[in-house]
Amino acid sequence: MPDVVVRPMRPADVPAAERLSAEAFLGVDRALRAPGDPEPQERPQPRAARWVARTLGTVATDPGGCWVAEDPGAPGAPDGLVGFATSMRRDGTWVLATYAVRPGRQGRGVGRHLLDAALTHSRGCLRGMLSSSADPAAVRRYVLAGFEMHPQMTLAGTVDRSAIPPGTGERVREGTSADTDLLESLDRRRRGSGHGPDHAYLQDTCRLLVVETRAASGYAYLDRESSVQLLAATDRRTAARLLWTALADGPEQQRVTHVTAANAWAVEIGTAARLALRTSGFLALRGMDPPAPYLHHGALL
Ligand SMILES: CC(C)(COP(=O)(O)OP(=O)(O)OC[C@H]1O[C@@H](n2cnc3c(N)ncnc32)[C@H](O)[C@@H]1OP(=O)(O)O)[C@@H](O)C(=O)NCCC(=O)NCCS
């Protein structure tokens, strides 16, 4: 890896990292595009702004988990940034949030050095989680780092409103920051660790739905399109109640993402709503089984 220095990420690096990541993921989407798929688009501005806000949060909470690779020929210049990896530690679980190398500089060992640097932040963590793209180079790096790959599925299409069960939305209420202890308990039950400061970010950017009865509880964060970003529940019935509520409240076209085989309940609901099922990347895990009933967040897992 000549001519590249790996150093801790600084807040000032984050906007250039966002552009690099948008370019790298557009490259993956183009390379893996199936016949008949629409032309992949670069990350739009509102999502780019959320990416920057979220990553600034990770750099602040986990400076030891966030690294960049820089070309010393152009230090500080936006195009001096060659790659980056951001990760966090939550209650003994290491989470890789995002990871990319500039197209044109890939396949020359930069990614290996970045992942090794980020993994130093996983010392003492028995569990690890990340959501992998289907890029064969990424998958190779994760398998070699000891992760087990669990295929992820996405359901997408036009929701058949006649399939929405009567009574959907009953016993589901809007959540607030006052629910955070409940959310943390559900996180620990399902994935072994809370989301800690990530709940504040999610509450700032998402709608929060909560079910809390004597027998069962669960929560879901929904984005502006009512698409579930993160869902955890004590049982499948509660998880189903939350997902149906999200589908009922959303627009015609919807997506349910990050579904693993352990979450067949979500495949059943998406299929009942006439959404089309396809595979999409992997949930990569170390020291744990795929959580269920649980739909993980793509970066905060
Ligand atoms: C994943 C990524 C960060 C890795 O960075 P990189 O600098 O390319 O990584 P490295 O060169 O250190 O390692 C890549 C490995 O995959 C191998 N590889 C590359 N293309 C491959 C392919 N098509 N099939 C199989 N292996 C492949 C390389 O030979 C190398 O293995 P080796 O070191 O044992 O020879 C980078 O490729 C990237 O940005 N991809 C697009 C964005 C992405 O998918 N990020 C991961 C998000 S979860």
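This is a predicted model: local features need pLDDT of at least 70, side-chain atom pairs count only at pLDDT 80 or more; totals for chains, interfaces and linings use all residues.

Biologist: Why does the radius of gyration of the protein agree with a compact globule?

Modeller: The rule is 2.2 Å times the number of residues to the power 0.38, and the radius is taken over C-alpha atoms. For 301 residues that gives a value near 19 Å, and the protein has 19 Å, so the two agree.

Biologist: How many helices and strands does the protein have?

Modeller: There are 8 helices and 13 strands. Both are DSSP runs numbered from the N terminus: helices are H or I with at least four residues, strands are E with at least two.

Biologist: Why is Thr-238 called buried?

Modeller: Buried means under 20% relative accessible area, exposed means over 50%, and partly exposed lies in between (1.4 Å probe, protein chains only). Thr-238 has 4% relative accessibility, so Thr-238 counts as buried. This residue lies in helix 7, and its contacts (heavy atoms within 4.5 Å) include Val-211 and Ala-233. Across the protein, 51% of the 301 residues count as buried.

Biologist: What makes a nonpolar core?

Modeller: It is a set of buried Ala, Val, Leu, Ile, Met, Phe, Trp, Tyr and Cys residues joined through side-chain atoms within 4.5 Å. The largest one here has 28 residues, and Leu-231 and Trp-265 are among those touching the most other members. Helix 7 gives the most to this core, with 7 residues. A second, separate core of 23 residues includes Met-129 and Leu-285. In soluble globular proteins, nonpolar side chains tend to be buried together.

Biologist: What is the phi of Ser-226, and is this residue buried or exposed?

Modeller: Ser-226 has a positive phi of about 70 degrees, although it is not a glycine. Most residues other than glycine have a negative phi, and most peptide bonds are trans. Ser-226 sits in the loop between strand 9 and strand 10, and with 9% relative accessibility it counts as buried. His-258, in strand 11, also has a positive phi, near 60 degrees.

Biologist: Is the peptide bond from Ala-292 to Pro-293 cis or trans?

Modeller: That bond is cis, with omega near -10 degrees. Pro-293 lies in the loop between strand 12 and strand 13.

Technical notes
Residues are numbered from 1 along each chain as its sequence is written. Side-chain values use heavy atoms; hydrogens and water are left out. Lists of a residue's contacts leave out its neighbours within four places in sequence.
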